[in-house]
Amino acid sequence: FRVQTLPLWEEGKSSDTQKWSSLEHKGPYFPPEYEPLPDNICFNYDGQPVKLSPVTEEIATFYAKMLDHEYTSKEVFQNNFFCDWREEMTKEERKLIKTLSKCDFSQIHKYFVEKSEERKNMTKEEKQVLKEEASRLMEEYGYCLLDGHREKIGNFKLEPPGLFRGRGEHPKMGKLKKRIQPEDVTINCSQDSKIPAPPAGHRWKRVQHDNTVTWLASWLENIHGRPKYIMLNPSSKLKGEKDWQKYETARRLKMKVDSIRKQYRRDWTSREMKIRQRGVAIYFIDKLALRAGNEKDDESADTVGCCSLRVEHITLHRRLDAQEHVVEFDFLGKDSIRYYNKVPVEKQVFKNLKLFIKHKDPEDDLFDRITTVKLNKTLNESMPGLTAKVFRTFNASTTLQDQLNKLTTGKILSYNRANRAVAILCNHQRAAPKTFERSMQLLQEKIQKKKEQIEEAKKELKEAKKAHKDAPSDKSKKLLEKKEKAVQRLGEQLKKLQLQETDREENKVIALGTSKLNYLDPRISVAWCKKHQVPIEKIYNKTQRDKFAWAIDMTDENFQF
DNA sequence: CTACTGACTTGCCATAACCTTA
DNA sequence: TAAGGTTATGGCAAGTCAGTAG
């Protein structure tokens with residue numbers, strides 16, 4: 001028995017590091033074995049049909065399936081693929097197949113296009129069978145038993161082999177992602193639980209019983225040699241509590257942020273360069289919601305965050321568009337998403353930036369005296385648990401709360417607007433939907449139609465007015481009122497459509513999902529829904545409601561972030 | 001300090017599932 | 001009832017950050 005007097009973040013290590021006391025599961029689900037192509041489907045080399053060994057053929061199908069994608073035309077992709085492919089070939093195949101451009105995958109490609117077509121054209125019954133099969137799988141492998149509770153697993157299926165794509169200009173694009181064997185997989189579960197059985201004829205790499213970690217299984221992916229894990233679904237208690245804790249940390253920052261801001265402003269004039277750099281970096285992280293920006297190796301796409309910004313990523317403008325001390329940012333961030341922003345900054349920041357870039361080449365680090373580790377150490381001293389990413393959570397949630405407090409209408413569109421403000425702050429982008437132009441056009445046609453209807457209704461109203469004036473009667477009065485109402489109703493409908501149009505237009509390249517799922521304290525949204533009697537289903541779909549069950553459960557309408 | 005590893009969160013996208021409309 | 005559009009879900013890549021060894 002222990003009375004909990006310390007706040008979560010100061011609790012002793014033992015309770016902080018132990019993640020469960022019992023864990024039982026079925027192990028990962030392995031993707032089906034490779035099914036060789038039918039004999040009539042042929043790979044051709046230099047105009048001649050070649051029957052490939054199963055291993056070589058499988059890899060060929062990976063490439064063939066991707067043929068419509070633009071990236072198969074990239075040199076890096078082709079070279080990586082061809083190199084890895086040749087390594088898996090038999091001696092004879094390797095001797096024969098020497099040039100990718102002589103490889104003809106078109107039959108294989110066509111075969112898979114037809115197959116996917118067939119799948120699309122399946123009957124309802126056939127689809128039903130598949131669905132049942134999937135739910136059986138989910139039932140068997142999709143859940144674990146954690147501390148006696150049945151919890152959903154996030155990704156119980158192992159990733160199938162294929163060709164690595166990566167995001168942006170990734171130097172490893174096209175490399176072969178190998179099939180994971182049971183012998184590659186480490187199982188984590190409790191000692192006294194039923195140990196999952198490896199597939200027949202195989203054994204696990206290892207079975208361990210480590211309750212200081214939350215994963216159920218892990219393996220090393222061969223592209224970067226980094227571990228991957230099977231973990232719980234966000235709806236689980238374990239993840240939910242962690243999520244709650246994250247927002248509580250952000251709320252503690254809210255109490256502390258004034259003094260932290262004062263401190264980093266003082267740091268701008270420090271005698272020590274590293275302290276000045278740190279002060280400016282934290283300012284960027286706070287003001288612009290930049291990510292920390294860990295160092296990266298050159299085996300991945302060239303992207304940066306705050307600490308890894310280079311001189312070439314900023315341009316300083318003494319004046320720009322009637323503003324003073326403007327910093328123009330232009331760099332690729334996480335997932336190679338472009339960050340482009342022109343920001344007026346404090347004069348002292350501007351001065352410092354000038355100093356930081358002095359005598360440097362474009363490809364030199366802007367902040368050469370600091371690292372994310374040092375920066376986070378400083379932040380942690382200001383407030384326990386504080387790291388760079390907490391600022392993103394804090395600023396995102398604060399923005400949502402402020403916006404919702406400002407907009408009092410309680411309409412979904414207002415909520416989306418607030419959500420959008422956050423997404424813009426965090427630079428959450430998406431590719432414009434393929435159907436965007438078309439759906440926009442459809443909406444505009446609808447609006448046009450509505451306008452015509454209004455014209456018509458107005459005309460009718462005018463006539464009714466005249467009729468009522470000429471020969472007033474109960475009937476004419478009623479008609480007049482009816483027409484007035486019709487005009488009003490149509491007007492409202494038009495307004496709604498136009499609002500929808502703006503909403504959609506503004507959302508064209510902005511992704512709302514990421515902030516909703518990862519940055520916005522769900523209690524803000526739950527409270528807003530309660531206050532305005534908006535059903536929570538309008539804001540959160542089923543998955544989201546499951547993930548935020550903890551917040552839906554505990555929050556009343558008075559919650560403020 | 002740096003380099004490296006491991007565990008966990010965050011992020012965009014393709015496609016499946018669903019829903020509306022002609 | 002199929003076509004076409006929209007939304008939900010799964011997939012997996014790519015970040016963050018702590019810990020450890022040297």
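Modeller: The model is predicted. The largest nonpolar core has 53 residues. Ala-281, Phe-284, Ile-285, Cys-306 and Leu-375 have the most contacts inside it. Domain 3 (239-388) and domain 4 (397-554) both contribute residues, so the core lies between them. A second, separate core has 17 residues, including Trp-20, Trp-204, Ala-217 and Leu-232.

Beyond its neighbours within four places in sequence, Ala-281 contacts Cys-306, Cys-307, Phe-367, Ile-370 and Leu-375.

Now the active site. An unreviewed UniProt entry lists Tyr-519 under that name. Tyr-519 lies in the loop between helix H15 (513-518) and H16. Tyr-519 counts as buried because it has 25 C-beta neighbours inside 10 Å, and the cut-off is 20 or more. Leaving aside neighbours within four places in sequence, its contacts are Arg-392, Thr-393, Ala-396, Ser-397, Val-422 and Cys-426.

Last, the DNA. Around DNA strand C there are 34 residues. The closest are Arg-291, Ala-292, Thr-387, Lys-389 and Thr-543. H10, H11, helix H13 (436-470) and helix H17 (542-547) each give two or more residues to this surface. H10 gives the largest share, 3 residues. By type, the surface holds 16 polar, 13 charged and 5 nonpolar residues.

Notes
Residues numbered from 1 in each chain as written. Chains lettered and ligands numbered in written order. Predicted model: local features only at pLDDT ≥ 70, side-chain atom pairs only at ≥ 80, totals over all residues. Core = buried A, V, L, I, M, F, W, Y, C linked by C-beta atoms within 7 Å. Buried ≥ 20, exposed ≤ 12 C-beta atoms within 10 Å, placed from the backbone. Domains from an automatic or database assignment. Contact = placed C-beta atoms within 7 Å. Near = placed C-beta within 6 Å. Helix = DSSP H or I, 4+ residues; strand = E, 2+ residues; numbered from the N terminus. Nonpolar A, V, L, I, M, F, W, Y, C, P; charged D, E, K, R; others polar. UniProt positions renumbered as here; feature names shortened; annotations may be inferred.
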